[in-house]
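Please look through the structure below before reading on.

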Amino acid sequence: MWTIYKKEIRSFLSSLIAYVVMVVFLTAIGLFMWMIKGTTVFDLGVAGMDVLFQFAPLVFVFLVSAVTMKSFAEEKRLGTLETLTTHPVSDWGIIFGKFLAALSLLVFSLIPTLIYYFTIHRLGDPPGNLDTGATWGSYAGLILLGAAYVSIGLFSSVMTDNQIVALILSMSLCLAFYLLFGLAGEVEWMQGFDRGLEWFGLEYHYRSISRGVADTRDLMYFFSFVAVFLYLTKFKFSARKW
Amino acid sequence: MAISVENLSKRYGEQWAVKELSFSAGSGEIVGFLGPNGAGKSTTMKIITGYLAADGGSVEVCGLNPENQGMEVRRRIGYLPEHNPLYLDMYVREYLAFAGGLSGLRGKHLKKRVDEMIDITGLGLECHKHIAALSKGYRQRVGLAQALIHDPEVLILDEPTSGLDPNQVLDIRQLITALGKEKTVMLSTHIMQEVEAICDRVVIINKGQKVADDRLENLRSQSAGNQSVRIQFASPVQETFLQQIGEDIQYAHLGDNRWRLTAADSNLRQRASQFALKHNLEVLELAAERNSLEEIFQTLTRRVDDI
């Protein structure tokens, strides 16, 4: 598993993916937070990082899909999956290696945003007037959300040997799981189920964790979500033999 | 037996890729796996390595089943897949270290093996390059090095010399011959000379079924009943006139006063030359045609077509 993990990380670093992902992510978030009128911290008038945590899930949809799209699709197309799976590595080893590598890249790209935390910490009136609990909660939520996206991305990639198809499938699924259930709750004839429907979506649990309260139900939701998608990935991956 | 395959069957949709195939390979043997394109060679090899699952029959590698004991089997097999897939964005050393790492080699031992492999496969000058920058011959060596790095007991090589230039083919063949002294090697090819050059035994399949499985000498002597002689005269000769040599002979005019005589007679050459002497015919060329593996292959694989 760690051999796969190391290989994936090195492939991110040597293929520019890592840099592009981080630059795009930090630029987008930076613009929203400080530059674009209407969304900046100054416009909000509150010393908080809500802007980051509001936009990051959407930027992540694109980033995670871009990072994971080649994970299986490219290996299938090149035929390297054959070399890989005829070595003594288990299917789970391959999947976890790829999963952790993509997740690490996401976590790593979040690190520079800690600067924002300290900046806003100072900007507060009085300085330090920032909801620290909620901020760390939001970071945790973002990482969990990223893990969920990565599992979707891997699943999309294992379904096809075409990276573009994997990218589009992954983005659609991520957006659907993040937004669709919440939106569906707002449709008039579904009003009765809105709470229930919302519960199935990622956004509901992300918001819940973002409040800074670690609710085991939300954690369980994310773990199950990741488990289900990784299991589907494993299922499709192991089905190659038949 | 290092590899033993029994009644192996594999179906893609309605079509049988491999049907009721049985053969085995002992340790220290180089077995050539021969067949026309699409005969099921690659499929069989993929099943032996555990990449594909069989629809019927059984496979054992060193007494282990690739389906249930996949990890153990994979540790014992070095596999060079068809088309030699490689990560083009990796460096040669990096890739070999990755392949060794996948096989459980670590630290100093891994580094030593990488160096040894680079040495054995003659990658010395290329070992700091990107795989994408290597020529096909060198990529093939990387593929072989990758298959060898964990010192497997069994080597499965799917068309190891396809697309290489004659010098490279020679190099790779020498390497395989050297390896075959200690390991069981199974290599597929559709080039007969390759089998003649390096294999102890040959398994020929056609349309997923075995048509021959024997040592090379035996295969030759089996069909050696028929002798062919090529003879060229200086001037035109009538077939009816030639037929005086004997009625048991088949005559074929190859053009340019060149004839091929075929008969179940080992004295065919003497008879032809005596005939020429007697009738004062000037002979430019007289040669026994060796019953080459190529012909054996053709007769064997055509025979199945006819059935």
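**A tryptophan and its chain**

Trp259(B) has 19 C-beta neighbours inside 10 Å, and it therefore counts as partly exposed; a buried residue needs 20 or more. The model is a predicted one.

Where in chain B does Trp259(B) lie? Trp259(B) is part of strand E12 of chain B, which covers residues 258-263. Apart from neighbours within four places in sequence, Trp259(B) is in contact with Ile231(B), Leu242(B), Tyr251(B), Ala252(B), His253(B) and Leu254(B). Leu286(B) is 27 residues away from Trp259(B) along the chain, and 9.7 Å separate the C-alpha atoms of the two.

Next comes the chain as a whole. Chain B has 307 residues, of which 40% count as buried. There are 11 helices and 13 strands in chain B. Along the principal axes, the C-alpha atoms of chain B fill a box of roughly 80 × 45 × 30 Å. Consider contacts in chain B between residues at least 6 apart in sequence: 67% of these join residues at least 24 apart.

How is chain B divided into domains? The domain assignment gives domain 1, residues 3-221, and domain 2, residues 227-290. The centres of domain 1 and domain 2 of chain B, taken over C-alpha atoms, are 45 Å apart.

One pair of helices can be followed in detail. Two packed helices are described by the angle between their axes and the distance between the axes. For H3(B) and helix H4 of chain B (residues 107-120), the axes come within 10 Å and cross at roughly 125°. H3(B) and H4(B) are therefore oblique to each other, since an angle over 145 degrees would count as roughly antiparallel and one of 65 to 115 as roughly perpendicular. Their crossing is right-handed. On the H3(B) side, Arg93(B), Leu96(B), Ala97(B), Gly100(B) and Gly101(B) meet Leu110(B), Arg113(B), Val114(B) and Met117(B) of H4(B). Sorted by class, this contact has five nonpolar, two polar and two charged residues.

Last is the contact between the chains. Chain B gives 23 residues to this contact and chain A gives 17 residues. On the side of chain B that touches chain A, the elements with two or more residues are helix H2 (70-76), strand E5 (77-80) and helix H3 (92-102) of chain B. Which element gives the most to this side? H3(B) does, with four residues. By class, the side of chain B that touches chain A has 13 nonpolar, seven polar and three charged residues.

Technical notes. Residues are numbered from 1 along each chain as its sequence is written. Chains are lettered from A and ligands numbered from 1 in the order in which they are written. This is a predicted model: local features need pLDDT of at least 70, side-chain atom pairs count only at pLDDT 80 or more; totals for chains, interfaces and linings use all residues. A residue is buried if 20 or more other C-beta atoms lie within 10 Å of its own, exposed if 12 or fewer, and partly exposed in between; C-beta atoms are placed from the backbone. Two residues are in contact if their C-beta atoms, placed from the backbone, lie within 7 Å. Ala, Val, Leu, Ile, Met, Phe, Trp, Tyr, Cys and Pro count as nonpolar, Asp, Glu, Lys and Arg as charged, and the others, Gly among them, as polar. Domain bounds come from an automatic or database domain assignment. Axes are lines fitted to C-alpha atoms, for helices over the stretch in contact, and angles run from 0 to 180 degrees between N-to-C directions. Angles under 35 degrees count as roughly parallel, over 145 as roughly antiparallel, 65 to 115 as roughly perpendicular and the rest as oblique. A crossing is left-handed if the near helix is turned anticlockwise from the far one by less than a right angle, and right-handed if clockwise.
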